[in-house]
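This note is written for a colleague who is meeting the structure for the first time. Please read the numbered points with the model in view.

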Amino acid sequence: MQSDNRRYGGAERSALDLRSILRDLGRSWWMILLLSLAAAMLTYSAISVVHKPEYTVSTTFAVTTKGTSVSDFSNISTANSIAQKFSAILGNNILKKKVAAELNMSSFDARMNVSIVPESNLMVLSVTADSPQKAFQVLKSVLRNYPEVSDYVLPDLVLETLQQPEISGTPSNQLNVTKYMSYAFLLTMMCIIALITALSCYRDTVKNEREFTQKVDGDLLGTIWHEKKKKKSTAMVITNPTLSFRYVESNRMMASRVKGRMDKKNAKVVMVTSVVENEGKSTVAANLALALAQEQHRVLLIDCDFRKPALYKIFEYKGKMKKDLADVIMGKETFEGLLKVMQNPKFCIAFTYHSLNSSTEIISNGSLNRILEICRKSMDYIILDTPPMGLVADAEEIVKLSDAAILTVRQDMVLTRDINDAIDALNQEEEKVLGCVFSNAYPQLGERVGKTSYGYGNYNNYGNYSKADR
């Protein structure tokens with residue numbers, strides 16, 4: 001038994017694996033995009049609620065005295081002094097109350113700003129309100145009512161309008177909403193990417209061969225490298241001539257190690273299982289059987305996954321065979337004619353086509369064991385494709401009928417804790433686990449595994465295996 005640190009991560013927490021991070025990001029691209037778009041839309045909604053548009057109307061006028069034209073007002077310092085006094089008049093509360101009363105406003109909620117043009121008697125009066133019409137009306141009212149206030153302070157003061165005010169439909173405090181939405185989109189995207197990266201690094205799965213040897217309580221029988229399908233219907237079996245040498249040879253190397261360990265244990269029946277679905281156990285079982293048959297051994301492959309049978313799909317035999325293993329086990333059919341002889345006369349398959357809900361009871365009724373006892377007499381090796389251990393108890397029943405077991409572990413998919421628990425369950429009565437197959441593995445970025453074309457390439461490394469296999 002391994003130490004707790006190895007079994008449950010501990011000090012051996014997953015290291016940074018760039019390919020796993022990129023794969024996690026690729027799987028979550030839709031979530032990243034949707035959340036980033038949602039953040040942008042929320043930013044737009046928040047700006048719409050919080051930001052209130054304001055409109056400003058301005059006019060420019062000259063400050064003069066009665067009987068004096070703008071051109072006659074040559075004393076700039078005097079003009080500037082008078083303009084400053086007049087700016088105070090425009091800000092007087094009395095004037096604001098008069099404007100509010102004239103416009104039937106409950107309070108003077110507009111803002112006035114008076115600016116003096118340097119070195120001149122020119123002034124710019126601006127009124128800001130929550131609508132362009134209101135700002136215009138306030139400005140016009142100010143121009144109508146200022147004499148009543150200014151006559152008490154500067155009785156001879158006159159305003160000559162140089163620029164008539166105009167209504168503008170563009171807010172004076174307009175925000176660039178697109179810019180803020182873009183900021184929110186990018187910031188959210190970066191935060192989610194950082195979160196996914198952190199979770200990918202923290203998730204205690206098996207990301208490469210080195211981590212396998214550090215974390216898993218079992219030997220590595222072989223690494224099956226990822227093979228991209230040429231088309232959807234491509235069969236991922238080693239007899240398919242379109243598959244790469246790397247993929248085919250990695251399966252053969254795995255089969256050679258399994259055979260060596262089975263021979264040492266004098267084992268004939270080996271089950272292939274996994275922790276969860278989609279870890280490639282059925283493909284591993286099929287290629288293991290094919291590789292042993294190519295070495296001229298008599299091999300029987302049995303589909304014992306009565307919940308979700310898959311071998312008939314892998315070998316493309318749907319509808320081509322009448323007898324179903326499940327029917328034979330339940331007594332609906334006889335054993336004769338159950339085994340389908342493939343192109344290799346030493347290779348046979350017992351297919352299952354229909355899924356069953358009560359498969360655990362069927363497995364434990366003794367019929368499957370009787371079939372295995374019959375087949376032991378005529379076969380060198382019997383490979384059982386069984387259901388995942390994490391879903392049903394079928395695999396734990398089938399292991400009682402088997403001489404050995406193989407656990408398929410897909411790269412970066414199942415927690416190390418669950419893998420080691422599955423190994424413990426298979427070894428509960430006796431040490432039956434031969435080891436694990438690391439499936440659908442991608443090499444680490446920058447690591448050269450070999451050419452993937454039809455050429456043989458240079459294969460200096462097929463993985464890190466136990467000392468007994470070297």
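Helices and strands are DSSP runs numbered from the N terminus, a helix having at least four residues and a strand at least two. The labels in the points below follow that scheme. The model is a predicted one.

1. Overall make-up. The protein has 16 helices and 12 strands in its secondary structure. It comprises 470 residues, of which 49% count as buried.

2. The largest pocket. Its volume is about 990 Å³, and 37 residues line it. Closest to the centre of this pocket are N278, G280, S282, T283 and I314. At least two lining residues come from each of β5 (220–225), α9 (245–265), α10, α11 (311–314) and β12 (433–441). The greatest contribution is that of α10, with 5 residues. Sorted by class, the lining holds 14 nonpolar, 12 polar and 11 charged residues.

3. Is N278 buried or exposed? N278 counts as exposed because its relative accessible area is 59%, which is over 50%. Its phi is near 60 degrees, a positive value in a residue other than glycine.

4. D412 is placed in the loop between β11 (404–410) and α16 (416–426). With a relative accessibility of 3%, D412 is buried, whereas N278 is exposed.

5. N287, within α10. The helix that gives the most to the pocket lining also contains N287. Why does N287 count as buried? The reason is that its relative accessibility is 0%, and the cut-off for buried is under 20%. The side chain of N287 makes a polar contact with that of N251, at 3.5 Å. Beyond its neighbours within four places in sequence, N287 touches M236, V237, I238, Y247 and N251.

6. The nonpolar cores. The largest of these has 46 residues, and I302, I382, L384 and I419 have the most contacts inside it. Another core lies apart from it, with 43 residues that include L288, A291, L301 and F347. Returning to I419, its contacts, neighbours within four places in sequence aside, are with V206, V216, V275, L407, V409 and V414.

7. Helix α2. Which residues of α2 (residues 18–27) are buried? They are S20, I21, R23, D24 and L25. These buried residues pack against two other helices, α3 (29–50) and α7 (177–202).

8. A110. This residue is found in the loop between α5 (93–102) and β2 (111–116). A110 counts as buried because its relative accessibility is 8%, under the 20% limit. Setting aside neighbours within four places in sequence, A110 is in contact with V127, T128, A129 and V138. From A110 to T56 the distance is 9.8 Å, C-alpha to C-alpha, with the two residues 54 apart in sequence.

How values were computed. Residues are numbered from 1 along each chain as its sequence is written. This is a predicted model: local features need pLDDT of at least 70, side-chain atom pairs count only at pLDDT 80 or more; totals for chains, interfaces and linings use all residues. Side-chain values use heavy atoms; hydrogens and water are left out. Buried means under 20% relative accessible area, exposed over 50%, partly exposed in between (1.4 Å probe, protein chains only). A nonpolar core is a set of buried Ala, Val, Leu, Ile, Met, Phe, Trp, Tyr and Cys residues joined through side-chain atoms within 4.5 Å. Contact means heavy atoms within 4.5 Å. On a 1 Å grid over the protein atoms alone, a cavity is a set of points where a 1.4 Å probe fits but cannot get out, and a pocket is an open set with protein on both sides within 12 Å along at least five of seven lines; lining residues have an atom within 4 Å of a point. Grid points are joined across faces, edges and corners, and a volume is the space filled by probe spheres set on the points. Ala, Val, Leu, Ile, Met, Phe, Trp, Tyr, Cys and Pro count as nonpolar, Asp, Glu, Lys and Arg as charged, and the others, Gly among them, as polar. A polar contact is a pair of N or O atoms within 3.5 Å; within protein, one must be able to donate a hydrogen and the other to accept it, and residues adjacent in sequence count only if both atoms are side-chain atoms.
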